[in-house]
Amino acid sequence: RQLANELRHAVTHGELRLLYQPQRSLKTGALSGYEALVRWHHPKRGVIAPDKFISLAEETGDIFAIGEWVLREACREARHWPVQQKVAVNLSPVQFLQQGLVDLVRTILVETGLSPRRLELEITETAIIADKLRALHCLRQFKAMGVSVAIDDFGTGYSSLDTLHSFPFDKIKIDKSFLLRSDSNSQARAIIRAVLALGRSLDIPVLAEGVENESQLRILESEGCDEAQGYYFGPPGAAPSMELAEAANF
Ligand code: G
Ligand code: G
Ligand code: MN
Ligand code: NA
């Protein structure tokens with residue numbers, strides 16, 4: 001297919017860009033990190049969202065080059081942010097199962113000079129379930145390096161409880177569909193409450209995704225949710241700048 005052929009050159013032609021979406025601590029009110037989200041600036045088709053090319057890249061194998069570019073670019077940019085927040089990088093399950101991933105991450109950290117404490121990897125249950133022993137081995141190595149690992153899209157997989165208690169995650173990201181699809185606040189509240197109880201019993205902080213309005217934020221705050229991310233706090237956008245850092249202080 002045409003798009004697959006073009007995707008092969010996206011990295012080498014410099015057509016990929018990263019946007020960053022803020023994550024807010026609900027305990028301190030501070031911006032605690034930014035999630036890196038990739039976009040493909042296609043010369044003819046314009047900006048293409050990751051939903052339209054990540055799964056294609058997984059099929060063609062281009063995900064390795066793309067994933068490596070994303071990791072390096074996110075670490076390189078975060079190194080120069082005016083404030084020392086975390087940068088969260090999504091790993092495709094295919095990439096997570098790749099041999100040498102831990103070494104690649106270590107190399108990129110050394111190369112870019114980013115502190116391992118500032119890198120958070122986001123992985124989904126799909127990646128874990130495919131090869132649990134390997135996944136556990138990788139997670140332990142990341143932990144030993146000081147890199148944190150979040151479980152992304154939590155609640156959309158099928159073995160959540162088992163996965164959670166057997167793997168040393170540093171954060172649970174509740175999938176945005178729960179806030180977005182709840183047609184009542186009480187429904188949203190019930191789900192948030194259940195995941196928070198789980199997080200507390202395992203001592204893992206919980207971030208809610210897809211916060212779009214004040215009433216959702218109120219629910220999260222009253223239930224004691226740790227962190228939040230969503231259009232309400234800001235869409236994926238430019239990397240944090242000095243102006244943003246200053247604005248956040250006032
Ligand atoms: O940015 P947006 O909401 O359009 O992203 C849609 C999906 O693409 C999300 O599930 C997100 O996790 C995924 N995604 C965005 N950036 C990356 C990336 O750099 N690598 C991988 N593997 N997935 C990404
Ligand atoms: O699967 P993952 O959590 O990585 O996906 C993150 C994606 O969710 C981003 O690409 C972003 O565009 C999207 N997103 C972030 N905040 C919101 C929100 O408040 N509402 C909706 N509908 N999508 C969001
Ligand atoms: Mn994510
Ligand atoms: Na998610």
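Is the crossing in which H5 passes H7 left-handed or right-handed?

Author: First, the ground rules. This is a predicted model, so local features need pLDDT of at least 70 and side-chain atom pairs count only at pLDDT 80 or more, while totals for chains, interfaces and linings use all residues. Residues are numbered from 1 along each chain as its sequence is written, and chains are lettered from A and ligands numbered from 1 in the order in which they are written. Helices (H or I, at least four residues) and strands (E, at least two) are DSSP runs, numbered from the N terminus.

Now your question. A crossing is right-handed if the near helix is turned clockwise from the far one by less than a right angle, and left-handed if anticlockwise. H5 passes H7 in a right-handed crossing. H5 spans residues 101-112 and H7 spans residues 132-145. Their axes lie 10 Å apart, at an angle of about 20 degrees. (Axes are lines fitted to C-alpha atoms, for helices over the stretch in contact; angles run from 0 to 180 degrees between N-to-C directions.) H5 and H7 are therefore roughly parallel. The cut-offs are under 35 degrees for roughly parallel, over 145 for roughly antiparallel, 65 to 115 for roughly perpendicular, and oblique for the rest.

Contact means C-beta atoms, placed from the backbone, within 7 Å. H5 brings Leu101, Val102 and Arg106 to the contact, and H7 brings Cys138, Gln141, Phe142 and Met145. By class, that is 5 nonpolar, 1 polar and 1 charged residues. (Ala, Val, Leu, Ile, Met, Phe, Trp, Tyr, Cys and Pro count as nonpolar; Asp, Glu, Lys and Arg as charged; the others, Gly among them, as polar.)

H5 also meets H3, residues 63-78. The axes of H3 and H5 come within 9 Å and cross at roughly 35 degrees. H3 passes H5 in a right-handed crossing. From H3 come Glu68, Leu71, Arg72, Cys75 and Arg76; from H5 come Leu104, Val105, Ile108, Leu109 and Thr112. The contact of H3 with H5 holds 6 nonpolar, 1 polar and 3 charged residues.

Another helix pair is H10 (residues 185-202) and H11 (residues 214-223). Their axes come within 10 Å and cross at roughly 35 degrees. H10 passes H11 in a right-handed crossing. Among the H10 residues in contact are Ile192 and Leu196; among those of H11 are Ile219 and Leu220. The contact of H10 with H11 divides into 5 nonpolar, 3 polar and 3 charged residues.

Next, the strands. Pairing takes at least two DSSP bridges. E1 (residues 16-25) and E2 (residues 31-42) run antiparallel, joined by 9 bridges. Tyrosine 20 faces alanine 36 of E2. The two strands form a hairpin with 5 residues between them, and glycine 29 in the turn has a positive phi of about 80 degrees. E1 also runs antiparallel to E9 (residues 227-229), with 3 bridges. There, arginine 24 stands opposite alanine 228.

Last, the ligands. A residue is near a molecule if its C-beta atom, placed from the backbone, lies within 6 Å. The residues around ligand 1 include Leu37, Val38, Asp51 and Pro236. That shell has 7 nonpolar, 2 polar and 1 charged residues. Around ligand 2 there are 14 residues, the closest being Leu37, Gly210, Glu212, Gly230 and Tyr231. E6 (148-154) and H9 (176-181) each supply at least two residues of the ligand 2 shell. The shell of ligand 2 splits into 5 nonpolar, 4 polar and 5 charged residues.

Definitions and conventions:
Two residues are in contact if their C-beta atoms, placed from the backbone, lie within 7 Å.
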